[in-house]
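Please read them alongside the sequence and the coordinates.

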Amino acid sequence: MQTSQELSLPNMGCGTWAWGNQLLWGYDESMDSQLQAVFNLCVSQGVTLFDTGDSYGTGRLNGRSESLLGQFSREYIGVNQPEICIATKLAAYPWRWTRQSMINAGKSSAQRLGRNIDLVQMHWSTANYAPWQEEGLLDGLADLYEQGLVRGVGLSNYGTKRLRRVHQKFSERGVAIKTLQVQYSLLSTYPVTQLGLKDVCDELGIRLIAYSPLALGLLTGKYSEQSPLPKGVRGILFKRLLPGVRSLLQSLQAIAQSRNKTMSQVALNWCISKGTIPIPGAKSVIQAQENIGALGWQLDSGEIAELDKAAASSDKKMVQNIFQTK
């Protein structure tokens, strides 16, 4: 029987999805104090939902992302401390296929965090390549809730058909799905416009979380066809996308200037206007301050319509997560 206090989600998160990748790519321990400052600023400003995953900072770093978040939440003293909400995602690794393996994964994450998990999420569905594997993992996810080891359960990268199936499965056990996390931004509207996930989530009482709401930085205005691009795969992707998103970036820039906001803040506010919880990454206090600037104001209906039109007419879109189901 579930004994933990029922989970109530904050309105917006400052996600450690980006922190997790930073821990995989070039992280060193000298960054700890900088990341702690980011965490402290977010909480002090009322941004209290933090998202990570047990696959972030693995290998030689041994789950460093979860460990850092746990450390930061323990050491924070100040306003909004009781409202800190830690969400983590458990990966559907090939060697995890029993319900006990999922329970063990949740316990390991809680140990790294140094606290019970507020929101535990299935990182991705195995429906696209090994549907037989998923049943045990979902059973284990529900077990974590029933045993009082987590306060809420969520999913990630699920489409409408698979979501309804899992919702029915969990409902039979009295377990509510609190959240669904998908890639969603002005350059990745597919989950909402084509899969219809927002309508289904509203029907089922599930909050939609938008990861990569700034399209890996493409919607920040930092990059253009004339400026230096990031190295590696990200730079190759940007080079392919930029020529086809000029009108969208121009619309973002025009609205940002009229609002005296940044393009990032407008892009995040658009996500909020669509009823989602965006989880932008922040590696520095400056980035965190900019993200927080997306709060406390609202785009009007005309601005939203203009951005919707520009997004729909863009020749290029972000590549969808290969694990996203229908």
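1. Terms and basis. Buried means under 20% relative accessible area, exposed over 50%, and partly exposed in between, with a 1.4 Å probe and protein chains only. Helices (H or I, at least four residues) and strands (E, at least two) are DSSP runs, numbered from the N terminus. This is a predicted model, in which local features need pLDDT of at least 70 and side-chain atom pairs count only at pLDDT 80 or more, while totals for chains, interfaces and linings use all residues. Residues are numbered from 1 along each chain as its sequence is written, and side-chain values use heavy atoms, with hydrogens and water left out.

2. Helix H11. Of the 11 residues in H11 (residues 263-273), nine are buried. Among them are Met263, Val266, Leu268 and Trp270. Taking contact as heavy atoms within 4.5 Å, the buried residues of H11 pack against helices H10 (246-259), H12 (285-292) and H13 (301-313) and against strand E7 (276-279).

3. Strand E5. Six of the seven residues of E5 (residues 177-183) are buried, so the strand is largely enclosed by the rest of the structure. Two strands pair if DSSP finds at least two bridges between them. E5 runs parallel to E4 (residues 150-156), joined by four bridges, and parallel to E6 (residues 207-211), joined by five. Thr179 is the bridge partner of Gly154, and Leu208 that of Leu180.

4. Crossover. E4, helix H6 (residues 160-171) and E5 form a right-handed β-α-β unit. Right-handed here means that, with the strands pointing away from the viewer, the path from the first strand over the helix to the second runs clockwise.

5. Leu219. Leu219 lies in the loop between E6 and helix H9 (232-241), and is buried at 0% relative accessibility. Its contacts, not counting residues up to four places away in sequence, include Leu187, Leu248, Leu252, Met263 and Ala267. Leu187 is 32 residues from Leu219 in sequence, with a C-alpha to C-alpha distance of 8.3 Å.

6. Aromatic rings. Rings of Phe, Tyr and Trp (its six-membered ring) pair if their centres lie within 6.5 Å; planes under 30 degrees apart are stacked, over 60 edge-to-face, and the rest tilted. The count is eight aromatic pairs. Tyr129 and Phe323 have ring centres 5.9 Å apart and planes at 55°, so this pair is tilted. The two residues are 194 apart, with Tyr129 in the loop between strand E3 (117-122) and helix H5 (131-146) and Phe323 in the segment after H13. Tyr129 is partly exposed at 44% relative accessibility, as is Phe323 at 21%. Phe39, Phe50, Phe72 and Tyr76 form one aromatic cluster.
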